[in-house]
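This briefing is for a reader meeting the structure for the first time.

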Amino acid sequence: MRKLAVLMLVLSLLGCRVIGEDEPPPVPTALPTEVGTLAEARAQRLGRGVNLGNALEAPAEGEWGMVIEAPFFELISDAGFDTVRVPIRWSAHAETQPPYTVEPGFFERVDWVIDQSLAQDLNVVINMHHYDEIFVSPDEHAGRFVAIWEQIARRYRDRPDRVYFEPLNEPHDMLDAGKWNALLSRTVTALRQIDQAHTLIVGGGGWNSIAGLKTLAIPEGEMNVIATFHYYEPYLFTHQGAEWGGPEVGTLGLTWPGPPQEKVEPVPDAKKVEWVRTWFLRYNQNRGADNPASPEQIARAFDEALSWSHQRGIPLWLGEFGAYSTADMDSRARWTATVREVAEARGIPWAYWEFGAGFGVYDRTLGAWRVPLLDALMPAE
Ligand code: BGC
């Protein structure tokens, strides 16, 4: 193919006609390539990032113990991060009837977060997080969802392109892949009538899993887009004892990588679940790449994401990954460093989950970075 293209180019440079008189001129390829390159450049610029989690996506900021403070942005920037992702529960701050107006005071708060980020040369990803009602009744909430995004786009369309829009965190439950694709298409159409400049970041159904990428339909003609996925595998390790994780994740003491020095006995509730039982058998016994808690498993998953990206020509962003504070710090640091390395080896930019709460790379009580985690994310070059 490439030889043919070169031959055609040479012939045309020599002034030879390479198409028949009546044939339409070739479709210019420059535009899509350039736009594709734009998305790729915007993805690469995201570099290394961190989520400002547990603040603006709580029902009200502060309710989950985390309030975003001005010094955080300088700290984050000075540590070498390029990007902050800001999870936001817009649905708790907009009217429930048309025109679904977003509270002015809440918008001002988000303005401030954007100002602070840009002042520190950080890219800032504005997302829609924990719109819980839409996962229960997607049809009922679709109009409100689009209306909120129209307001966000209108408010931020003149901001620098270092502001990114991520329409929805982790679609799941009743908002299945089909409904999500339809809602995304409707949202992108509405949003692009207002703002074409800002890059969109979209993930697939099924909680932004890698498998979900394969069900994701990027709206026709939309080129200024990055695909995102989240990575928390093995979940039984990263979410051990997490209060919101369900009884099957209640077993503590899982180290990474496996197998552990001493077998870990799953708690009774975990044993009731078939896949969890099987997982523990493999975790406790298998060596090397066959262990479900091995670096090879991570590499395999990321290869799958990358091959989707290459096939579709859409750049990737790992928007969340992290291991909860209930795991031992050495294991967390090893896992975190490994995921980062695997992502970077494949040219995938990332954002750690998260800055200063339960997964926190920063200890707000001590006012200090958690050095093993920070080193895992920002190794000395
Ligand atoms: C959720 C958080 C959760 C994290 C890890 C995020 O997408 O919004 O609430 O802590 O994933 O489970």
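A pocket here is an open set of points on a 1 Å grid over the protein atoms alone, with protein on both sides within 12 Å along at least five of seven lines, and its lining residues have an atom within 4 Å of a point. Grid points are joined across faces, edges and corners, and a volume is the space filled by probe spheres set on the points; the probe is 1.4 Å. This is a predicted model, in which local features need pLDDT of at least 70 and side-chain atom pairs count only at pLDDT 80 or more, while totals for chains, interfaces and linings use all residues. Residues are numbered from 1 along each chain as its sequence is written, and side-chain values use heavy atoms, with hydrogens and water left out. Helices (H or I, at least four residues) and strands (E, at least two) are DSSP runs, numbered from the N terminus.

**Pockets**

- The second largest pocket holds about 160 Å³ of space, whereas about 940 Å³ lies in the largest pocket.
- The largest pocket has a lining of 32 residues, and those nearest its centre are E170, Y232, Y235, H239 and W244.
- At least two lining residues of the largest pocket come from each of α7 (205–208), α8 (210–213), β6 (225–231) and α12 (295–312).
- Residues are classed as nonpolar (Ala, Val, Leu, Ile, Met, Phe, Trp, Tyr, Cys and Pro), charged (Asp, Glu, Lys and Arg) or polar (the others, Gly among them), and on this basis the lining of the largest pocket has 14 nonpolar, 11 polar and seven charged residues.
- The lining of the second largest pocket includes Y231, E233, P234, Y235 and W275, and α9 (235–238), α11 (274–285) and α12 each supply at least two of its residues.

**Helix packing**

- Axes are lines fitted to C-alpha atoms, for helices over the stretch in contact, and angles run from 0 to 180 degrees between N-to-C directions.
- Helix α5 (residues 138–156) packs against helix α6 (residues 177–194) at an angle of about 30°, with the axes 9 Å apart, which makes α5 roughly parallel to α6 (angles under 35 degrees count as roughly parallel, over 145 as roughly antiparallel, 65 to 115 as roughly perpendicular and the rest as oblique).
- The crossing of α5 and α6 is right-handed, a crossing being right-handed if the near helix is turned clockwise from the far one by less than a right angle, and left-handed if anticlockwise.
- Contact means heavy atoms within 4.5 Å, and residues of α5 including F145, W149 and E150 meet residues of α6, among them W180, L183 and R186.
- By class, the contact of α5 with α6 has 11 nonpolar, two polar and five charged residues.
- The axes of helix α4 (residues 104–119) and α5 come within 12 Å and cross at roughly 50°, and the two helices are therefore oblique to each other.
- The crossing in which α4 passes α5 is right-handed, and the contact is made by F107, E108, V110, D111 and I114 of α4 with Q151, I152, R155 and Y156 of α5.
- α12 packs with helix α13 (residues 329–345) at an angle of about 35°, their axes being 10 Å apart, and this crossing is also right-handed.
- P295, I298, A299 and F302 of α12 meet W335, T338, V339, V342 and A343 of α13, and these residues divide into eight nonpolar, one polar and no charged.

**Backbone geometry**

- Most residues other than glycine have a negative phi, and most peptide bonds are trans.
- A cis peptide bond with omega of about 5° joins P98 and P99, and P99 lies in the loop between β2 (83–86) and α4.
- The peptide bond from E233 to P234 is also cis, with omega near -5°, and P234 is placed in the loop between β6 and α9.
- E170 is not a glycine, yet its phi is positive at about 45°, and E170 lies in the loop between β4 (163–166) and α6.
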